[in-house]
Amino acid sequence: MLLINKKNNFFGLLVGLSGYILVVLVDTIVKLNLVEKYPVIQISFLLCIGAFIPILITLIIFRNWSSLLNKKIHIQLLHGALGITHSALIINSLKKHSLIEIYPILFSSPLILIILSYFVLKEKVGIRRCLAVLIGFIGVLIVSRPGTIHFTIPLFGLFIAAIIHALRVLLIRQSGNTQSSVAFTFYGCVSALMISGFFSYPNFIIVQKIDLVILLICGVIAGIAGLFFVRASKTLESSLFAPIQYIQLVVGFTMGYIDRKSTR
């Protein structure tokens with residue numbers, strides 16, 4: 001049993017790390033190429049369309065269509081509604097702030113997740129894991145130098161996004177291992193697509209062909225990341241899943257450095 005848990009933890013960590021790295025890649029591409037051209041909600045809508053591609057491919061390959069018939073669809077739809085809100089808040093912040101300014105705020109999410117998991121899911125949080133998250137968060141605060149960045153509404157939105165991310169992971173873990181990861185991602189994408197489509201329709205801007213290709217590719221990457229996130233969230237305890245978000249610190253600061261160099 002211990003060997004199985006170690007294998008599951010290793011797989012969950014690998015998948016979770018991969019998901020976070022892919023998210024940073026998408027954020028970087030969107031910031032450098034798209035965020036100034038189109039409304040936030042329209043970008044989110046087109047990303048959702050692209051995200052359906054890997055989800056549908058997964059359903060076809062594994063013939064897992066029966067997983068879409070379950071008793072947790074309302075939770076999965078809520079997961080998607082939170083997801084589109086989370087995405088829109090981050091994309092909106094990309095308009096005015098660099099990745100170096102954005103990611104440190106999002107790193108409050110692991111600490112929020114552990115607190116919520118302890119009180120809501122009654123998960124046992126070991127001292128070492130709790131300290132690892134806390135030390136990581138303190139390190140992020142030191143690196144980000146709070147007080148040196150001018151406060152804006154988009155930055156406040158990022159704190160909301162951090163809370164939403166923790167709530168999404170909590171929803172997945174609360175559903176237990178009886179629900180398919182693909183079903184969670186599928187219905188989440190359906191919900192996000194409907195909401196973003198409704199709000200983007202009145203002010204929809206015609207998208208250039210090259211931008212449409214970029215958006216769809218980013219959507220595919222985001223869809224893969226979504227599958228990874230759900231799988232990792234179901235596999236790992238919250239106290240083990242939370243710290244892996246700090247991989248974004250390395251990748252985000254690297255991409256942020258590239259971003260700053262490109263704007264000079």
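The conversation below sets computed values against the definitions behind them.

Guide: This is a predicted model, in which local features need pLDDT of at least 70 and side-chain atom pairs count only at pLDDT 80 or more, while totals for chains, interfaces and linings use all residues. Residues are numbered from 1 along each chain as its sequence is written, and side-chain values use heavy atoms, with hydrogens and water left out.

Visitor: How many helices and strands are there in the protein chain?

Guide: The protein chain has 11 helices and 0 strands, where helices are DSSP runs of H or I with at least four residues, strands are E runs of at least two, and the numbering starts from the N terminus.

Visitor: Why are α3 and α7 called roughly antiparallel to each other?

Guide: Helix α3 (residues 73-94) and helix α7 (residues 153-175) pack at about 155°, with axes 9 Å apart; the axes are lines fitted to C-alpha atoms, for helices over the stretch in contact, and the angle, which runs from 0 to 180 degrees, is taken between N-to-C directions. Angles under 35 degrees count as roughly parallel, over 145 as roughly antiparallel, 65 to 115 as roughly perpendicular and the rest as oblique, and α3 and α7 are therefore roughly antiparallel. The residues in contact, meaning heavy atoms within 4.5 Å, include Leu82 and Leu89 of α3 and Ile164 and Leu171 of α7.

Visitor: By class, what makes up the contact of α3 with α7?

Guide: That contact has 13 nonpolar, 8 polar and 1 charged residues, given that Ala, Val, Leu, Ile, Met, Phe, Trp, Tyr, Cys and Pro count as nonpolar, Asp, Glu, Lys and Arg as charged, and the others, Gly among them, as polar.

Visitor: What makes α2 roughly antiparallel to α8?

Guide: The axes of α2 and α8 come within 9 Å and cross at roughly 155°, and that makes α2 roughly antiparallel to α8. Among the residues that meet are Phe45 and Phe52 in α2 and Phe186 and Leu193 in α8, and the residues of this contact divide into 16 nonpolar, 7 polar and no charged.

Visitor: Why is helix α4 (residues 99-106) described as largely enclosed by the rest of the structure?

Guide: Buried means under 20% relative accessible area, exposed over 50%, and partly exposed in between, computed with a 1.4 Å probe on protein chains only. Because 8 of the 8 residues of α4 are buried, α4 is largely enclosed by the rest of the structure; Glu101 and Tyr103 are among these buried residues.

Visitor: How do you know that Lys37 and Asp211 meet in a salt bridge?

Guide: Their side chains come to 3.4 Å, N to O, and a salt bridge is a side-chain nitrogen of Lys or Arg within 4 Å of a carboxyl oxygen of Asp or Glu. A search of the whole structure finds 1 salt bridge. The pair links distant parts of the chain, 174 residues apart, with Lys37 in the loop between α1 and α2 and Asp211 in helix α9. Lys37 has a relative accessible area of 42% and is therefore partly exposed, whereas Asp211, at 2%, is buried.

Visitor: Why does Gln179 count as buried?

Guide: Gln179 counts as buried because its relative accessibility is 10%, although its place is in the loop between α7 and α8. Leaving aside residues up to four places away in sequence, Gln179 touches Asn70, Lys72, Gln76, Phe184 and Lys234.
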